Amino acid sequence: MTKEMFTLKSSDGFLFVVDEAVVHQSVTLSPMVQDCAGREYPINNVTGKILNLVVEYCKNHVVVDGGDSSSSSSSGDALKKWDDEFITQMDLSTVYDLIMAANYLIIKGLFDLACQRVADEIAACKDHEEIRATLGIVSDYTAEEEAEVLKENEWAFD
Amino acid sequence: MSGIFSFSGDEEFFNGGSMYLSTGSCSGVYLPPRKRLRVAAPSLYSSFNQKQTSIEVLPDECLFEILRRLPSGKERSACACVSKHWLNTLTSIKANESLQEVESEGFLSRSLEGNKATDLRLAAISVGTSSRGGLGKLQIRGSGFESRVTDAGIESIAYGCPSLKSLSLWNLPAVSDKGLSEIARCCPMLERLDLSRCPGVTDKGLVAVAESCRNLNDLTIDSCSGVGNEGLRAVARGCSSLRSISLRSCPRVGDQGVAFLLAQAGSYLTKVKLQMVNVTGLSLAVLGHYGVAVTELVLSGLQGVNEKGFWVMGNAKGMKKLKSLSVTSCRGMTDVGVEAVGSGCPDLKHVSLNKCLLVSGKGLVCLAKSALLLESLKLEECHRISHFGFFGFLMSCGEKLKAFSLVNCLGIQDLNSESHLTSTSSLRSLSVRCCPGFGDASLTFLGKFCHQLQDVELCGLNGVTDAGVLSLLQSNNVGLVKLNLNGCVNVSDDTVSAVSFSHGSTLESLSLDGCKNITDASVVTVSKNCYSVNDLDVSNTLVSDHGIKALASSPNHLNLQVLSLGGCSGVTDKSKACIQKLGRTLLGLNIQRCGRISSSTVDSLLEQLWRCDILY
């Protein structure tokens with residue numbers, strides 16, 4: 001059986017050929033199914049590196065969605081394990097890019113996964129100073145303001 | 001372009017000359033290898049790796065989604081302290097959007113005042129209280145146009161504190177319907193709302209509250225120029241739990257709103273306060289007919305109500321449960337009104353009339369005869385009351401009268417009554433302040449009539465001398481507990497001697513502030529004869545070290561808790577040891593303006609009597 005194949009072009013010129021099931025996972029790209037079969041579809045704000053990861057994720061998730069119900073629980077666990085490994089081995093900069101890509105392409109599962117990774121990273125930090133250090137944030141509080149906020153939120157630091 | 005890559009999985013060649021990639025674990029292949037800083041344990045990270053991207057690249061909606069997924073309040077609190085941007089993002093997460101449980105009980109309360117009341121603090125409170133028991137009560141006292149609380153701060157409280165039960169906003173012009181509507185929408189458990197001097201709030205905000213906060217039971221609106229009748233009507237329709245309503249100085253509120261509210265809610269409203277609103281007799285008539293559950297009524301400054309209004313209110317005989325009535329500065333309250341209320345409200349226990357210039361003894365006597373359960377009457381600046389009215393009232397009153405108070409009534413003259421007394425009064429508490437005509441003759445009459453006085457207050461009365469006070473107390477058969485003679489300059493040591501002798505076992509509080517003729521002799525007799533005294537005020541008298549010494553060496557082991565020596569220039573450093581001895585039981589000490597107590601003595605007293613609250 002012939003599958004419809006689509007070509008996605010990243011901002012830096014890399015091309016990815018993917019099938020319809022992959023494209024459908026992105027709410028932004030779904031409409032192009034009607035229009036762009038056979039032509040390149042440019043995705044201007046996602047680089048090749050990130051688009052590769054997106055495609056990888058989507059391909060893995062197609063397999064499960066198409067699977068039959070009897071094997072869904074074990075394949076569900078396996079998929080979850082795959083997701084965990086997938087996201088955990090990335091560094092945070094890549095995760096941020098992935099978040100923005102998944103946001104733009106509207107791929108809910110990937111977006112949730114990546115956001116949760118950052119949330120977990122934040123939760124692992126001991127206090128607000130470690131959060132700033134780990135995530136590269138410069139505080140915009142004055143000393144007084146920070147003291148005020150700390151006073152109301154002190155219990156976190158035990 | 002010609003990077004080295006490996007691939008696995010599907011392979012399809014594209015005829016175009018460009019390279020493509022299929023699935024495979026190729027992350028990192030397209031980037032030239034980079035040197036990265038290797039750093040030790042994250043907790044020792046002091047400088048951020050410049051080559052790594054900061055999370056600040058993410059747009060706000062992504063940051064929102066990340067913060068929404070934080071597991072618990074502990075992490076949210078830590079994130080609140082990271083930066084203002086993060087705090088603002090956190091506070092925009094509504095309670096039902098976050099993934100964690102938000103406490104539904106509001107155990108915590110916060111009060112912000114003046115320049116400490118800011119949107120930032122509100123945001124911090126919103127995050128900080130949400131998983132530590134929840135915010136139940138919030139009170140913000142703004143400072144007018146300099147206030148730094150705006151709708152943004154109120155909205156952050158709304159989103160983070162769904163358990164809010166009591167909200168009090170004073171003097172915040174920047175808060176408008178927008179903020180109040182969010183509170184209404186997100187805090188459906190709101191029970192108490194108090195808005196004072198918030199001109200930005202209009203009917204729209206009240207309508208939002210009425211539609212969502214079905215548990216509202218206490219509403220106060222003071223000086224909110226935007227609130228009018230529409231808002232009150234909405235509250236009447238929506239809030240069937242309303243028990244207490246207080247409206248003050250709202251120029252746009254009138255009969256249309258007030259009468260509607262009273263008619264609708266009269267069967268469950270218990271407290272009604274109408275102060276300086278433009279209502280007419282119509283609203284009072286409605287109240288009189290429909291206010292079947294009202295127990296407490298305060299009416300003040302109702303310029304639009306005439307005599308008929310009060311008459312109808314009483315004669316409607318609908319307010320059968322009214323227990324407490326307070327009327328201030330209402331020109332329509334006359335003897336007719338007093339009589340009508342007395343007869344229409346059989347349960348009336350407490351009446352207070354202030355600046356009701358047309359009420360005279362006639363009305364009082366009618367009140368006494370109809371309100372048989374009356375327990376207390378307070379009259380202030382009712383200048384038409386004469387001593388006839390005063391005595392007439394006392395003599396006509398039922399057996400339940402316990403307390404009577406006269407303040408600043410210029411119509412009282414000092415005359416005894418010649419009438420023959422058949423019974424005695426049950427009066428327990430008598431208070432007469434600043435009535436220049438009141439003097440010894442009145443006290444003589446009262447002495448004949450009131451034998452059960454326990455609490456006597458005669459303040460600022462030049463006409464009162466020793467003879468008067470003693471004749472007041474001569475037939476007393478229960479024992480005086482509190483005696484206050486502040487400002488009665490013609491009272492001397494003889495009174496105190498006699499009182500301490502006759503009432504030494506019961507007297508607990510003695511106050512002689514400003515009695516210029518009181519000397520140490522009074523204090524000596526108190527220390528000898530009074531066993532139970534725990535509050536002694538001899539400020540601005542001639543009491544000196546000798547008196548203090550007598551107190552300290554009293555044979556009765558006085559358990560003095562409050563001692564006031566303000567302005568006693570006779571008390572010097574020599575009393576330090578005696579005060580320390582008294583200090584063992586003292587909870588409050590006033591040594592203000594004692595010119596001869598040096599600051600070193602004050603310092604050592606502050607140190608030694610640490611349990612005591614010292615004014616100096």
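**Close-up views of a cavity and a helix pair**

**View 1. Lining of the largest cavity in the predicted model.** The residues A:L8, A:V22, A:V23, A:S26, A:L29, A:L51, A:V54, A:V55, A:C58, A:L105 and A:I107 line the largest cavity (a set of points on a 1 Å grid over the protein atoms alone where a 1.4 Å probe fits but cannot get out, with lining residues having an atom within 4 Å of a point). This is a predicted model, in which local features need pLDDT of at least 70 and side-chain atom pairs count only at pLDDT 80 or more, whereas totals for chains, interfaces and linings use all residues. Residues are numbered from 1 along each chain as its sequence is written, chains are lettered from A, and side-chain values use heavy atoms, without hydrogens and water.

**View 2. Volume and composition of the largest cavity.** The largest cavity holds about 60 Å³ of space (the volume filled by probe spheres set on the points, which are joined across faces, edges and corners). Two cavities of 30 Å³ or more are found in the whole structure. Helix 3 (48–66) of chain A and helix 1 (20–24) of chain A each supply at least two lining residues (helices are DSSP runs of H or I, at least four residues, numbered from the N terminus). Helix 3 of chain A gives the largest share, four residues. The lining comprises 10 nonpolar, one polar and no charged residues (Ala, Val, Leu, Ile, Met, Phe, Trp, Tyr, Cys and Pro count as nonpolar, Asp, Glu, Lys and Arg as charged, the others as polar).

**View 3. Crossing of helix 5 and helix 6 of chain A.** The axes of helix 5 (residues 92–105) and helix 6 (residues 108–123) of chain A come within 9 Å and cross at roughly 145° (axes are lines fitted to C-alpha atoms over the stretch in contact, with angles from 0 to 180 degrees between N-to-C directions).

Notes: 1 Å grid on protein atoms, 1.4 Å probe; cavity = no way out; pocket = protein on both sides within 12 Å on 5 of 7 lines; lining within 4 Å.
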